[in-house]
Amino acid sequence: MALTGALISAIHADRVRRVGALLKLGASPSAPNAEGETPLYLAAVSGQTDMVRLLLEAGATPDVESRGEGTAGLPLCAAACWDHSGAVRELLAHGADPDLREDDGTSYTALMWAATGGHQRTAELLLEAHADPDAGCGERTPLMAAAERGSIAVVRALLRHGADPHRTDEQGRTASDMARERCGKDVESELRERAGIVPDARYEVRRSPRAEGTELVELTVSSPDGTGGASWLEETGHALIAAVLRETMQG
């Protein structure tokens, strides 16, 4: 247990050489600490690609869930959620199952996380590893998540890999319906509404152009001195997505 605690501490500190030394001394690359945190999850959620590779090469099991408070879930899902494509690539290369769901099979797949976040690179890696393009959560699919977010690049990637645009959610809506519902809406205003009113907070909006002619809009709300920020993001590709899905469904 002492070696496990030291290994976890070294991962938190991003000390790759220290982790390597501890593994040589016999530290388990898979054993959780007393809080239930696994080494591989912590490296994956932080995007520590070299650390992820080192742990996997030492025999870490890629599909074991971490169960720490605030650090619960699958390593592949954690990396996909934060668009750590290098870590995703390493996990897939070492046998991680792209179709596993978190929370003991009841929650999101890695692809669902990538689609929800609009992470094209990560979504492509998962789809190339034969992730099921329609495996979502409940009746909600990755295509629906990407359409609602306005991520045309992710929508196109999913369609290229066989995502079914005719699927419906619990309310009978398709991904196309979801995109159409958001057409013409002021994304910045909606993000501000989502963030809510925080007294004395500092609001900052950044707009980043996308290759498809759309924009990524990011609203950051922080304290007056600029610390402690939380972010809300959405893309502006809803009209383009609605057109692409309409053409696909008619074809």
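A residue is called exposed when its relative accessible area is over 50%, and buried when that area is under 20%. The model on screen is predicted.

Start with Arg 160. At a relative accessible area of 55%, Arg 160 counts as exposed. Glu 124 belongs to helix α9 (residues 120-128) and Arg 160 to helix α11 (residues 152-160), so the pair ties together parts 36 residues apart in sequence. Glu 124 itself is buried, with a relative accessible area of 14%.

Next, select Asp 104 and Arg 67. Their side chains meet in a salt bridge of 2.7 Å, N to O. The pair ties together parts 37 residues apart in sequence, because Asp 104 lies in helix α7 (residues 102-105) and Arg 67 in strand β1 (residues 66-68). Both residues are exposed.

Move to Arg 173 and Asp 169, whose side chains form a salt bridge at 2.9 Å, N to O. Both of these residues are buried.

Then show Arg 182, Glu 190, Arg 194 and Glu 234, which a network of salt bridges links. The count of salt bridges in the model comes to 20.

Finish at helix α2, residues 16-24, where Val 19, Gly 20, Leu 22 and Leu 23 are buried. Looking down the axis of α2, these buried residues fall within an arc of 165°, so they line one face of the helix. Their cover includes α1 (2-12) and α4 (49-57). Turn to the other side of α2 to find Arg 17 and Lys 24 exposed. After α2 comes Gly 26, with a positive phi near 110°.

Methods: Residues numbered from 1 in each chain as written. Predicted model: local features only at pLDDT ≥ 70, side-chain atom pairs only at ≥ 80, totals over all residues. Heavy atoms only, no water. Buried < 20%, exposed > 50% of the residue type's maximum accessible area, 1.4 Å probe, protein only. Helix = DSSP H or I, 4+ residues; strand = E, 2+ residues; numbered from the N terminus. Arc of directions from axis to C-beta. Contact = heavy atoms within 4.5 Å. Salt bridge = Lys/Arg side-chain N within 4 Å of Asp/Glu carboxyl O.
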